[in-house]
Amino acid sequence: MKELSKTYDPKLVEDAWFKHWEEQGYFHSEPNKKKASFCVMIPPPNVTGMLTMGHVLNNTMQDILVRKARMEGYETMWLPGTDHAGIATQARVEKHIRETEGKTRHDLGREKFVERIWDWKDQYGGMIIKQLRKLGVSCDWERERFTLDEGLSKAVREVFVSLYEKGLIYKGKRIINWCPVSHTALSDEEVIHQEKNGNLWYFKYPVKGEKERYLVIATTRPETMLGDTAVAVNPKDERYADLVGKTILLPLANREIPIVEDSYVDMEFGTGAVKITPAHDPNDYEIGLRHDLEFLNIMNEDATMNDKVPAKYQYMDRYECRKAVVFDLEELGLLEKIEDHVHKVGYSERAHVPIEPRLSEQWFVKMEPLAKPALEAVNSGKIKFNPDRWVKTYNHWLENIRDWCISRQLWWGHRIPVFTCTDCGWESAEREDPATCPLCGSKNIKQDEDVLDTWFSSWLWPFSTLGWPESNEDLKYYYPTDDLVTAPDIIFFWVARMIMAGLEFMNDIPFKNVYYTGLIRDMQGRKMSKSLGNSPDPLDVIDQYGADALRYGMMLIAPKGHDILFDTSQIELGRNFMNKLWNATRFIQRNLDIELDLAYGELPRKNELETVDLWILSQLKDTIKSVNNHLSEYRFNDAAKDIYDFTWNKFCDWFIETSKFRLYQIEGSKKKKTALSVSIFVLRNILKLLHPYAPFITEEIWQSFKKEDEPDIMVSEWPTPDYSTSSEAVEEMNMIMEVITAIRTIRSEMKVPPSKEADVLIGGGTEISRNILLSQKDNIDLLGKVKHLTISKTVDQPELSSSAVVGDLEIYVSLAGLIDVDKEKERLEKDIASYEGRIKAAKGKLNNPNFVSRAPENVVAHERNKLAGYEETLALLKENYKKLVG
């Protein structure tokens, strides 16, 4: 048997065990017809990414599910990989080249630039995969995939061509979200809307042919007025009825534009007259189509003004142009007023700059035909969402879905497989690059310059990673997968689209269950970010506390589907738990007896078990059932708390403490053998329950308590509570614990020094209950620090004592000679006065109408909670004082 070191050092254990598991092939999976499969696909992190606390949360939860399933006998496969992250990766490499060589991608050319990105990816990309290994996640690392690898690229091309042939992919001019920094289109889901304090400018547009008559319009984007091609009013708005059909002389641009009526116009907003810029606003675009207006694009790709505006404004930045337009209109006397205005501005998720709605020719996927079966899959229960409140969000998006803009003006990514003959105009999506035109035979074939949205490869992840479009054993065995663990912020980007893709191309759902995690926030409720400096580096946390402490501490504070308030104190709690387990194990190990010939994992006969043995076995059985139930409902924190409570409070603080008399008996003792056998049996089950949460320390300890022919804990069997227990023993032990707790509580409240023992008298109860207590006299003396214990049907209360009641038992703890009564009275009097003052102040606040009505709701609630706590403490202080004065 390997003797455990005095203290647990994760650095000496974690890397070694991960290497061992990998060498043994425990992570790898192959189709096995003798077993049921359990398959999980990792949400592929960006190849540019570094490990964050969010990754720790998500991947620990996945690992718990996978490790448990592996121990339950499933053929488990957890497939890892990374996403090529088109915009982020291209921007990273472009920046590097610009800073080190002073060149742009255009200086290098497309082919050379893409080569440089591949070089960067091979050298720096995938760092997050190495970091995940430090966390201990048990992915099948032999199956690692990349969304731009050869197999996934083939799948992407097959899907594009298939949808193109069905008429579900088309090219069209639409208003899209344009990123002026990345110079590419963005999907609606890649735009983050932020509330901003802005302005509402009111401009006067001259009505042609009516001297001194103006139509006043309000706008939040003055620079776009240079692209106006109409002014619209509501047909029900009588204020403007006589102007419909007339024209406006557009200031600064000196163009004549019509006044049209459209029911879209909100009569209550601004003046009820709206400037229409069809090429730079999605709503104006629709009005432009209805009224056959001109679509005038007035901006370049970098959001500077182009040659469609007057020369004065050309090549100005959009915000510089905004100032110039406002200034010039004011000079002309056409600025009526400026109002403060709060509105939402769309920002590029990657570049963090305001996007520009822009009329552009892009490739789109028709989403409505794909959305209908995806809605049915979730609402019928084929796919279960946890928590189920996300079904409503999912339904809302799919029921109002818009076509997906899938083209990106980038070089890094899956190039769109559409080819055009420059001689005859032939165009088609092809599975293989054509050498000649099938119509005219020309070799002048040109491929579309754009690449596909990164998510176009990610939505195929559950089946493309298994070899699709080829038919193989992996697809037949592992698909559909089982659980998906992900954040709810990509429910549209990824989850919904994977469901659509799975149903469309595999004719089956991609997964059976989706668990949506919460977000990690700091103790102030702020989302963690580098800019706020509130996001610790997980590798630093692992270095300080160990991976197990980080994993377990994080799970303790991760309520189902709710946000997590993170503080390193919770990781300290995880570390302390690991140390508690380590020390308890060392205590058992130090008391092992080679003469006893212990059979690890086997229990003595039931008639050899004492009350405390039967009690701890019953508690273990309940804990196993509870952990199973909680994990089946993705209540990772509740299962973690079950293990914590059972291990620390029941096993360590009660069972081991009450078993010490047996463990300290002479070698070869039958009682000692029973105590050790039960201790080891329970410890082995604790290790198995804890293993998915804390894989390293459990494997290290397991080696000291496994049979010679047993496997490592990672591939051992999950605990099954298949032994009998005793409800009578549970009731007896509960009474014993309540009595000891009552004695401890009195000692604590009355400030009895820990070093001093007290006389205790217990009266009342039944003869059976008194006999049970007498049988546990040694434990009551030890754990209650009792000098003399009297147990009788009737007892007299000592003159200076404190009492408690447990059921029909009366307990008296004599305080004579243990405390300085006068000093204790003086202390209690001061504390009572202090808390009475606190209560008075708190009530004064809460009785103040101004405070209650004006203070934030959480502040008022906090004050009420404080008052309740003060009152509870005061009552306890007064009760203790009463006991002292008699």
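Predicted model: local features only at pLDDT ≥ 70, side-chain atom pairs only at ≥ 80, totals over all residues.
1. Helices H18 and H22. Helix H18 spans residues 568–590 and helix H22 spans residues 695–702. Their axes lie 11 Å apart, and the packing angle is about 5°. An angle under 35 degrees counts as roughly parallel, so H18 is roughly parallel to H22. On the H18 side, the contact is made by Met 578, Leu 581, Trp 582 and Thr 585. On the H22 side, Ile 697, Glu 700 and Ile 701 take part. Five of the residues in this contact are nonpolar, one is polar and one is charged.

2. Helices H19 and H20. How do the axes of helix H19 (residues 611–632) and helix H20 (residues 636–663) cross? The crossing angle is roughly 170°, and the axes come within 9 Å. Angles over 145 degrees count as roughly antiparallel, and H19 and H20 are therefore roughly antiparallel to each other. The residues of this contact comprise 13 nonpolar, six polar and five charged.

3. The four-strand sheet. The strands E10, E11, E9 and E12 form an open sheet in the order E10-E11-E9-E12, and the pairing is mixed. Strand E10 (247–250) and strand E12 are the edge strands, each of which pairs on one side only. From one strand to the next, the twist averages 30°.

4. Strand E9 within that sheet. Strand E9 covers residues 230–233. E9 is joined to strand E12 (residues 273–276) by four bridges, and these two strands run antiparallel. Val 233 stands opposite Ala 273 of E12. E9 is also joined to strand E11 (residues 255–261), here by three bridges and in a parallel arrangement. Ile 259 in E11 is the bridge partner of Val 231.

5. Cysteines. How many disulfides does the structure hold? The number is zero. A disulfide is a covalent bond between the sulfur atoms of two cysteines, and the cut-off applied to that pair of sulfur atoms is within 2.5 Å. For Cys 421, the closest cysteine sulfur belongs to Cys 440 and lies 3.6 Å away, which is too far for a bond. Cys 421 has 1% relative accessibility and so counts as buried. For Cys 437, the closest cysteine sulfur is that of Cys 424, at 3.5 Å, again too far for a bond. Cys 437 counts as buried because its relative accessibility is 3%.

6. Helix H25. Helix H25 comprises residues 777–784. Which of its residues are buried? They are Asn 779, Ile 780, Asp 781, Leu 783 and Gly 784. The elements that cover these buried residues include H20, helix H23 (727–749), helix H24 (767–775) and strand E27 (786–792). Lys 785 follows H25 and has a positive phi, near 55°.

Methods: Residues numbered from 1 in each chain as written. Heavy atoms only, no water. Axes fitted to C-alpha atoms, helices over the stretch in contact; angles between N-to-C directions. Parallel < 35°, antiparallel > 145°, perpendicular 65-115°, else oblique. Contact = heavy atoms within 4.5 Å. Nonpolar A, V, L, I, M, F, W, Y, C, P; charged D, E, K, R; others polar. Buried < 20%, exposed > 50% of the residue type's maximum accessible area, 1.4 Å probe, protein only. Pairing = 2+ DSSP bridges.
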